[in-house]
Amino acid sequence: MIVATAAKCRYCGEIFDPKLKRKAKASRRSSDDDADMSTMDYVACCLCSGITCIIGIVYMIQGKRRGLKMVGVSLAAGVFWTIVRIIIEAAAQNGPH
């Protein structure tokens, strides 16, 4: 049983009080330091796009905002490297004239 005057559920952590809910949401937004990708994240996305795509999906499941960015950059890098590979293979098949 949950007390009718409770501000927060002691079992699941749901906040019932509108003022506390807004305050918690604001503090979550300000403490969300993982929204931006680091330089290492970009490098990993470009060099290991498959692995970082999976990591990005895991971050998205955890609710981290940079997960969507990681998936997007990883997919873009994968497409880029696939195009580069196709161009190189086409050039190698044609050979020198």
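The axes of α3 and α4 come within 7 Å of each other and cross at roughly 160°. An angle over 145 degrees counts as roughly antiparallel, so α3 is roughly antiparallel to α4. The crossing of these two helices, α3 and α4, is left-handed. The model described here is a predicted one.

**The contact of α3 with α4**

Which residues make this contact? On the α3 side they are S49, T52, C53, I55, G56, I57, Y59 and M60, and on the α4 side they are R66, G67, L68, M70, V71, S74, L75, A77 and G78. Sorted by type, the residues of the contact of α3 with α4 comprise ten nonpolar, six polar and one charged.

**The contact of α2 with α4**

Helix α4 also packs against helix α2. Two packed helices are described by the angle between their axes and the distance between the axes. For α2 (residues 39–47) and α4 (residues 66–94), the angle is about 40° and the axes are 7 Å apart. The two helices, α2 and α4, are therefore oblique to each other. Their crossing, that of α2 and α4, is right-handed. From α2, the residues D41, Y42, C45 and C46 take part, and they meet R66, M70, V73, S74, A77 and W81 of α4. The residues of the contact of α2 with α4 fall into seven nonpolar, one polar and two charged.

| Helix pair | Angle between axes | Distance between axes |
|---|---|---|
| α2 and α4 | about 40° | 7 Å apart |
| α3 and α4 | roughly 160° | within 7 Å |

**Helix α4**

How many residues does α4 have, and what distance does it reach from its first C-alpha to its last? Helix α4 has 29 residues and reaches 42 Å between those two atoms, close to the 42 Å expected at 1.5 Å a residue. Its buried residues, those of α4, are R66, G67, M70, V71, S74 and A77. The buried residues of α4 pack against α2 and against α3 (49–62). After α4 comes G95, and the phi of G95 is positive, near 65°.

T52 is found in helix α3. Is T52 buried or exposed? The relative accessible area of T52 is 3%, and buried means under 20%, so T52 is buried. Leaving aside neighbours within four places in sequence, T52 is in contact with A44, C45, M70 and S74. T52 and V73 stand 21 residues apart in sequence, and their C-alpha atoms are 9.0 Å apart in space.

V58 also has its place in helix α3. With a relative accessible area of 38%, V58 is partly exposed. In sequence V58 and L68 are ten residues apart, while in space they are 9.9 Å apart, C-alpha to C-alpha.

M1 lies in the segment before α1 (18–30). A residue over 50% counts as exposed, and M1 is therefore exposed, with a relative accessible area of 89%. Which residues does M1 contact, leaving aside its neighbours within four places in sequence? M1 is in contact with R10 and Y11.

**The chain as a whole**

The chain has four helices and zero strands. Read from the N terminus on, its elements run α-α-α-α. The chain has 97 residues, of which 19% count as buried. Among contacts in the chain between residues at least 6 apart in sequence, 41% join residues at least 24 apart.

In short, α4 is oblique to α2, whereas α3 is roughly antiparallel to α4.

Definitions and conventions. Residues are numbered from 1 along each chain as its sequence is written. This is a predicted model: local features need pLDDT of at least 70, side-chain atom pairs count only at pLDDT 80 or more; totals for chains, interfaces and linings use all residues. Side-chain values use heavy atoms; hydrogens and water are left out. Axes are lines fitted to C-alpha atoms, for helices over the stretch in contact, and angles run from 0 to 180 degrees between N-to-C directions. Angles under 35 degrees count as roughly parallel, over 145 as roughly antiparallel, 65 to 115 as roughly perpendicular and the rest as oblique. A crossing is left-handed if the near helix is turned anticlockwise from the far one by less than a right angle, and right-handed if clockwise. Contact means heavy atoms within 4.5 Å. Ala, Val, Leu, Ile, Met, Phe, Trp, Tyr, Cys and Pro count as nonpolar, Asp, Glu, Lys and Arg as charged, and the others, Gly among them, as polar. The expected span of a helix is 1.5 Å times one less than its number of residues. Buried means under 20% relative accessible area, exposed over 50%, partly exposed in between (1.4 Å probe, protein chains only).
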